[in-house]
Structure formats: structure tokens, C-alpha cells
Number of protein chains: 2
Amino acid sequence: MEKFDLIVVGAGPGGYIAAERAGSLGKSVLMIERDQLGGVCTNWGCIPTKSLLNSAKLYRHALESEKMGVRAEAVTYDLDAAMAWKQETIETLRSGIQFLMKSNRVAVVMGIAEFVDSHHVRVGETVYEGSDLIIATGSSPAVPPIPGHDLPHVVTSNEILSIGKLPASLAVIGGGVIGVEFASYFSSVGVKVSIVEMMDEILPMMDGEFAKLMRREMKGVEFHLGCKVTGITKDGVSYSDAKGNPQLLEAQMVLMSVGRRPNVAGLENLHLDIGRGGIVVDDRLRTNVPNVYAVGDVNGKSLLAHSASRMAEVVVSNLYGAGNQRMRYHAIPWAVYGLPEAAGCGLTENEAKKQGRDIVTATTQMRSNGRFLAEHGKRAAGLCKVVADAKTKVILGVHLLGPYSSEMIFGAAAMIESELRIKDVKEIVFPHPSVSEILKDTLFAIEHTL
Amino acid sequence: MEKFDLIVVGAGPGGYIAAERAGSLGKSVLMIERDQLGGVCTNWGCIPTKSLLNSAKLYRHALESEKMGVRAEAVTYDLDAAMAWKQETIETLRSGIQFLMKSNRVAVVMGIAEFVDSHHVRVGETVYEGSDLIIATGSSPAVPPIPGHDLPHVVTSNEILSIGKLPASLAVIGGGVIGVEFASYFSSVGVKVSIVEMMDEILPMMDGEFAKLMRREMKGVEFHLGCKVTGITKDGVSYSDAKGNPQLLEAQMVLMSVGRRPNVAGLENLHLDIGRGGIVVDDRLRTNVPNVYAVGDVNGKSLLAHSASRMAEVVVSNLYGAGNQRMRYHAIPWAVYGLPEAAGCGLTENEAKKQGRDIVTATTQMRSNGRFLAEHGKRAAGLCKVVADAKTKVILGVHLLGPYSSEMIFGAAAMIESELRIKDVKEIVFPHPSVSEILKDTLFAIEHTL
């Protein structure tokens, strides 16, 4: 029987980073994947959506840049070409992961992992032994049993990424990140899009003011908030509106994006504690079984690709590295790659208040920013908000809505993780002109002293 | 005679930030400007160039996005519209500065400042008294007395921003940031562009490998390195090439971008020490005259808008704030907003070696990055390089070439200013997928331990 220091089940951003990092430290590692290297992120999530969203952005640019001097006629969107580009991106990244595994001497087996016990995993006829086991099996789209949920025009984020033709209209059930990104994409390329959301606002992790602005800026999208879907027919979606009145929303295609559920089937032999969110873990990603760890969506702690990767690093560091690391969740950034983009890191004002913290905040408009004006004009929308501790002035949260948000937010993560105070960041020089300067301006808006 | 706590001469990013910050601290401030609020940066520098470069980027997108699904026919570039947009941007920002001055109760006088002595400045018939004086008079394009430099088709970065028609061909004398940005702009909108540079490489502040890649990626531009311009005629530029042979470069327009010289005329009555680079200052921006400070280009220390603003803050903090601040130059980012973009902060490998420092470095290709691939494909060029201290592993320099560089570099500035070590940044979570992840990957390339 082949023996390994570490067996990793699942090859998404939790699994492959765990395998790579452990391999790079000289450990013998087996990674088992039932479908595709890269998992949901690379194949049906982060990467394909960002590829399509970028093409939609370029399409809008081609349509809307006349005022800046770029005239184009007969601008059309070619879904086939966009899908082919997306597919090439995915395949390039999969090859990259394959290469990474090879260069770190990670054995990769494609197939379904059957857990024999906490040291043995079977794939087909072969049983492998591992001293340690990392479960990184991810999550799948939740499909609640709404009447009509199994009709052929009802899709999840998986199927919608390989449609051959744009629908005339799309109803999106659920206004979380996935729903909003697809709504942004489809409406930008000319599809009539509506979002039906049960809560009173979209994007629950986002500051309320930002979510409202996001809706306002998604001009092609109709929002139905506080609405409960009651059924789906071949013509569309029935829901009861905020006042409880029945409504019908016509749509050629329906995207079900109401959440994701952890992939915990088949783990029975391990006797793991499994809660509503997924496998129960502590802050070192340890399960109740001593040599078994769970990272990424399957533990339900933070359903983000980069959280999964970081969890993988914590586990590998504690197992084989110098580390005595714990997973910290307070400085994990998120981004919504819509049109416009938004991103955040740390506490929102509301979260801080709920925690009873004494805080100071300021919000600034990006239209005071030179580069933003040069690229978007004075009528464009953009916001930056900072939340800081009232006494120590340590930065607790940074929230952005506008261009480059997703590429700037790591800097905020660095500041929050390093516990920088407002006065520390005020002494840091930001390049001019850059949208990033809005962060510094917002700090001065909180505390104008020098 | 009207008396002020502070008189600021010059309303660029050094002057207006000094005035605003001092005003916000309750001081009485007079700002004098001979031309336009915002100075070179807002009117003839950072802002207009970024506006035009953005329109050029959009033009290239409209021309080149078919592979990603965006088809457009008859794509044309309308210089008049681009110039009008640029002008609107400038005017909006100027109004913004005016509003900022008003809301901080800064008196603004338009006119030429004549320095009577270190406490008195005359504008026209009126003499103003100030307890302290900040000179922020900036710099102007240097025009060396090359034969033909005064021909009508020879322009500087000032005049080229208001041309009414694109030239068929442009010779750029000088391959610094200004030359490279204009070359990037004009070649992107269809002008035949050549750069003649005296040194062996363009962009002296940039890592050599990055500068070489930058040249390679500016596909429409011809580079003549190690070449000395000997004269300009109505047909073009004569130069002696790297081997000393005379050459002729035909060009309809010639851009002189060989550097900038400090605006120090008219300062005689102050009896300031003035060196080759400009007014001599210490690390608190003090001149040899006790109550006179010099910030920005006029002191020649760091010819960047954001350096000027930071210098202004240091002076105001020391004069009226809590501060005992010194100007630090080691973590000032720079950016080249070309196509592609590049940015850097801190030491290059060469600079570190010249200082005799023991360093470790790694360079990674952006084509390993998910978002980069999704947006640019596997044949696109992008680099990230990190320089760190070999012993302490403190990050000393970060260098980027590729999309979003100018918006990511503030994060590197924060890390360098905070003296973060590689292992500190490895624990910071970067959002996936983002180009910013390349920085973390580069740190792992230096030190793969966990």
C-alpha cells in the first residue's frame, strides 16, 4: 500500500495550495480530485466569472467611450468567443496547477475518494495510507426544493457558465455575490435581468450605503427585495413581494444562487462532527479526529477561495513548518467583480456597532479623486469608507466601491492585519494620481490633524 | 498690510496641500499662484496625461478585444473629444481645489509673487506679510540649446497637451517617465513614434529587466538608445548613434522631454542656498533662512506630485501640528501610466547592490496569475520583483509591470514603510482572483517556508 505524509482530498484553492505547500517542504503528498484540478474556483467560479465579466466590461467600454474620444460602430458581443477565451483561461490555469504539483512532487489521482478510516482513502481499487488527512471537498450550489426548481431553464452557477446562447431575460434568485456578479455580467451584455432577494438588501457583507449605491449603479438590473420565491414555471418566477402580494416575473432563464452547501457526503467512516455550516473545525482547522483537517468551503467558516488557501497554509505550517499559526478571519478581504467593482476588508460600521465598539468613520466620494475623474468623470459613482477604533484610531475596516477596488483591497488587508493606526497610514505616500489616494483622503476626513 | 501665519507661493500639489493642511489646523494662510490652481500636475502633467492615456487604452481595447468576444467596426480616435474630456477633468479638479481652499479659509491671490524679504511678498501693488513662507514654485521643462530647439514643431510636455491634430510622426527626445508616457499615448492612437535616449536604457528608476520588457511591450515605438541628439531641423532630429555615426530621424513633431529644472527665478532677495537641483533643504524641508521652507520640484529632491504633497505635510506638521516629522524618501512609490503600466517602490536590486546590501530577490511572471490570465491571456507580459534584506527578510523594494500596477503600489509602500518582513506579508490574505496576488507569490518564491 502506498503511504504518504499527507493525503489531500479535493484540488480547489484549499486542496492544491495545501498539497503544493506541503510538497515544497519535502513531504510526500497525495492529492485526490473527482472532477477537475482547481475545483470550483478555477472551473466554475472565480476564474470563469472574472473572464466573462472582463469581456462585458470591454463591451461596455466599446459602447460608451465616445465622450472620451473612442468611436466604434456596430459593436456586438460574441458569446462564443467570450466562452472560448474563458475556457482557454481555465485550461491554462489547470495546466499551471498540474505543473505546480509535478514540480513539488505531489502525486495526483483523479477519482472519487472513499474514506475507509482516518488514515486510509480508497480510489477505485486502490487504497492509500496517509499520516495526515486534509479534507478540502468544497461546496456545491444549494438548490432549495421550490416547485419547478428542476425545470430545464433553471440553472446554477455551474450550468450557466456553459450556455450556448444568451437568454432574452434572466431571473436571478438570490442577491449575494454570485447572483450580483452574474446579474452584472448578463445585464451588461444586453440581457434583461431581475434579481429576487429575500432580504431587504443585496450583498449582506457590504455596508448598507454601499449596497444601495451598487444597486443604483447596476442600471440595467431590476431589484425585487424582501421577496420570497414561491415557485418557478416555464415562463418565469412567482414570488410574494415585500407586502405579501403574489407577483410573477417573466424570464427565459432562471439562475438559482441562494447559497452553497458543504460537500460532506461520504465522510461517514471518519465520524467527524458536522454542523449546519459543514465540518466543525477549531482555529487551526482541526476536526474532532486528531489527524484530520478540513479547509475551505467544506467547513463553512469563510466561503472564499483565498480563505481556503490561507487555511491550507495554516494547517501545513502547523503540521510541517515553523508555525504555531491560527486562522484569523478579521482581515480577509472580499471583492465583488461587478460593474462597478466593490471590495471590503474588516468591520463594517454596522458590525462594529453590533459588537458595541466605539468607532469613528468617514465616507468620501471618489469623484474628488484625480484619476477617478480622469477615467470616469464627475457623474460617476464611487465611495470609500473607513472604520477605525475611536480611542486607538487603529483601522478596523475599509470599504470600497469603484474602479480598481478588487486590486486595492489587499493594501487595506495589510494595514488591518498590521494594526496600523490612522496616523501611521497618513505618513505613507500614495502615488498620484491613483484611485488608491481616496483611502488616505478618507483617513484625513476622519482625523485632519497632522 | 494683511498679515498671515503662512504664505505659500505656488498652487501645485506641494503648495495647495500645504495651504489646505495649515488652513484646516486653523492657521491664516495666503496662497499665491501665477497661472492655474493645481500647478503643473493638474494642468499640464499627471492629470491631463492620465486622461489621454486612459482614452488611448480604451481605443486599444475597442480595437483588440475580438478574441474576448467584443467586436467593433470602424473604430476611430477622436482627438478633439479626448482633449475636451481632458479639459473637463482639469477644470473639475481646479474647482475642487478652489472649493478646498475656500472651505479651509485659505486666501488665494492670482498673480506673480515678488519676494521682498523672508516675511514679505508682493503681488502687483499689494504687499503681504507672513510669519512663515513655503516656496512651492515647481519646475519647468528643460529645453537644452540644441540647434533647432526653437523651431515651431518642437514642443514640451506643456504645448503637446493642446495640439489640435495628431502628427503623423513624433520624435521624443528623452526616455524618462514623461517621454515614455507620451510615446505610449501617441503610438497607441496611431502616431509613428521614436524615442531618442542618451543613456543605454529608458526609465532610469526602473529595474533594468523591467525597462527592457517595457520597451518590448511598447510595440509601436522605435527606441534609439545611447544616442546623442545633435540638432533639430524641420524634417526631424539628427543624432549620433551608439557607435558615434550620424543619423537622421524623420518626424513631423518633436517632443523635448529631457528633464525639468526648478523654478528659482526671482528668489534673489531671500538669499537662499540654491544648488544644481534647486533650493537646498534639509530633511524637514527647511532652507538656510529660518522661516522659509521649500517643497516639491523646486528643491529637486523628488520630482513627483505625491512627494511634494508629503513634503508639505511634513512642513505643516512641524510648524503647526503635533509633528516632529522628517521627510523620508525610501518608500515613495512611482508609477508609469503607459501601456503597459509599471510601478515601483523602494530599492531596485541594482541600487541595493550599489549600497553593498546583502539581499534576496525573486521575480515572477504575471502569466501565472489567474486574473491576469483571464483578462490578458498567457502571451501577455507582466512581472513582479521583490527585493528583501537577506538577513532580516524585511521588504526593501517592490517592482511591478502590468495591469493595475499603479493602483497596487500603495500597498507595497505601506509594507516598506511599516518594515514588514516576508513572513508577515505571507500571513496577509490577498483576494482571489486578483493581480495583487502576484506579490504574495513572489514572496513565496523568495522564501517558500511556512
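This is a predicted model: local features need pLDDT of at least 70, side-chain atom pairs count only at pLDDT 80 or more; totals for chains, interfaces and linings use all residues.
Visitor: Why are helix 1 of chain A and helix 7 of chain A called roughly parallel to each other?

Guide: The axes of helix 1 (residues 15-24) and helix 7 (residues 305-320) of chain A cross at roughly 30 degrees. Angles under 35 degrees count as roughly parallel, and the two helices are therefore roughly parallel to each other. Their axes come within 8 Å, and helix 1 of chain A passes helix 7 of chain A in a right-handed crossing.

Visitor: Which residues make the contact between helix 1 and helix 7 of chain A?

Guide: Helix 1 of chain A contributes A:Ile17, A:Ala18, A:Arg21 and A:Ala22. From helix 7 of chain A come A:Ser309, A:Ala312, A:Glu313, A:Val315, A:Val316 and A:Tyr320. By class, the contact residues divide into seven nonpolar, one polar and two charged.

Visitor: What makes strand 9 and strand 12 of chain A edge strands?

Guide: The sheet in question is open, has five strands in the order 9-16-10-11-12 (chain A), and shows parallel pairing. Strand 9 (154-155) and strand 12 (221-224) of chain A each pair on one side only, and these are the edge strands.

Visitor: How does helix 5 of chain A lie relative to strand 11 of chain A?

Guide: Helix 5 (residues 177-188) packs on the sheet and touches strand 10, strand 11 (192-196), strand 12 and strand 16 of chain A. Its direction makes about 165 degrees with that of strand 11 of chain A. Angles over 145 degrees count as roughly antiparallel, so the angle of about 165 degrees falls in that class.

Visitor: What pairs with strand 14 of chain A, and in which sense?

Guide: Strand 14 (residues 236-240) of chain A pairs with strand 13 (residues 228-233) of chain A in the antiparallel sense over five bridges. Strand 15 (residues 246-250) of chain A also pairs with strand 14 of chain A in the antiparallel sense, over five bridges. A:Val237 is the bridge partner of A:Ile232, and A:Leu249 in strand 15 of chain A is the bridge partner of A:Val237.

Visitor: How many residues lie between strand 14 and strand 15 of chain A in their hairpin?

Guide: Five residues lie between them, and A:Gly244 in the turn has a positive phi of about 90 degrees. The hairpin from strand 13 to strand 14 of chain A runs through two residues.

Notes: Residues are numbered from 1 along each chain as its sequence is written. Chains are lettered from A and ligands numbered from 1 in the order in which they are written. Two strands pair if DSSP finds at least two bridges between them. Helices (H or I, at least four residues) and strands (E, at least two) are DSSP runs, numbered from the N terminus. Two residues are in contact if their C-beta atoms, placed from the backbone, lie within 7 Å. Axes are lines fitted to C-alpha atoms, for helices over the stretch in contact, and angles run from 0 to 180 degrees between N-to-C directions. Angles under 35 degrees count as roughly parallel, over 145 as roughly antiparallel, 65 to 115 as roughly perpendicular and the rest as oblique. A crossing is left-handed if the near helix is turned anticlockwise from the far one by less than a right angle, and right-handed if clockwise. Ala, Val, Leu, Ile, Met, Phe, Trp, Tyr, Cys and Pro count as nonpolar, Asp, Glu, Lys and Arg as charged, and the others, Gly among them, as polar.
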